[in-house]
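Colleague: Please take a close look at the pocket lining in this model. I would like one connected account of what forms it.

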Amino acid sequence: SKTFSQDKFFTKSGKVQFDATTSTSPEKVAAVTNALICVVDSKSGAIQFSVVMKSFEFKNALMQEHFNENYVESNKFPKADFKGNILNNAEINYSKEGNYKVKVKGQLSIHGMSKEIETEGTINIKAGKINTNATFTVSLKDHDISIPNLVADKVATNAKIIVDCVLEPLK
């Protein structure tokens, strides 16, 4: 029988949803990308992900343009990334199928500004793959992203970021 000796798990097609809609937003201020790169080391609990900002797709083309040019300045700061750890990694049996609640803590860097962030998520282990899900609440101010007064009531000061990945053993 094949033993489970794989340490690192990887994807380059993770899903990230970004939502900065407010109760007064005339339309959803939201985007999605399926180009998140993520690596999890099951031995150490280290987790890293990065995403190219221009891969985020908004329904509204003008909103997408403003997001890239004015807010996150994608030409100057092309990527967002996270480097951290699964704090309760010892509680996860990576060779046993099931759902595990995880605590994740690390440095999130967006728009050239890095900030420590902590959240809870889930890891589901099935058929030798790891499915991860976590929601981060991110203060735009913490990352030096300023929203013009003109649209201040239409864009949330805290964005919700939902990360969904299916990671496979790194070959």
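Modeller: The lining of the largest pocket draws at least two residues from each of β1 (8-19), β3 (46-52), α1 (61-71), β5 (79-86), β6 (98-110), β8 (129-139) and β9 (158-169). Helices (H or I, at least four residues) and strands (E, at least two) are DSSP runs numbered from the N terminus. The model is predicted: local features need pLDDT of at least 70 and side-chain atom pairs count only at pLDDT 80 or more, while totals for chains, interfaces and linings use all residues. Residues are numbered from 1 along each chain as its sequence is written, and side-chain values use heavy atoms, without hydrogens and water.

α1 provides the largest share of this lining, 6 residues. In total 37 residues line the largest pocket, and F18, V29, F58, F67 and Y71 lie nearest its centre. A pocket here is an open set of points on a 1 Å grid over the protein atoms alone, where a 1.4 Å probe fits, with protein on both sides within 12 Å along at least five of seven lines; lining residues have an atom within 4 Å of a point. The lining divides into 31 nonpolar, 3 polar and 3 charged residues, with Ala, Val, Leu, Ile, Met, Phe, Trp, Tyr, Cys and Pro counted as nonpolar, Asp, Glu, Lys and Arg as charged, and the others, Gly among them, as polar. The volume of the largest pocket is about 590 Å³, taken as the space filled by probe spheres set on the points, which are joined across faces, edges and corners.

The second largest pocket has about 260 Å³ of volume. Its lining has 15 residues, with F18, K28, A30, A31 and K59 closest to the centre. β1 contributes the most to that lining, 4 residues.
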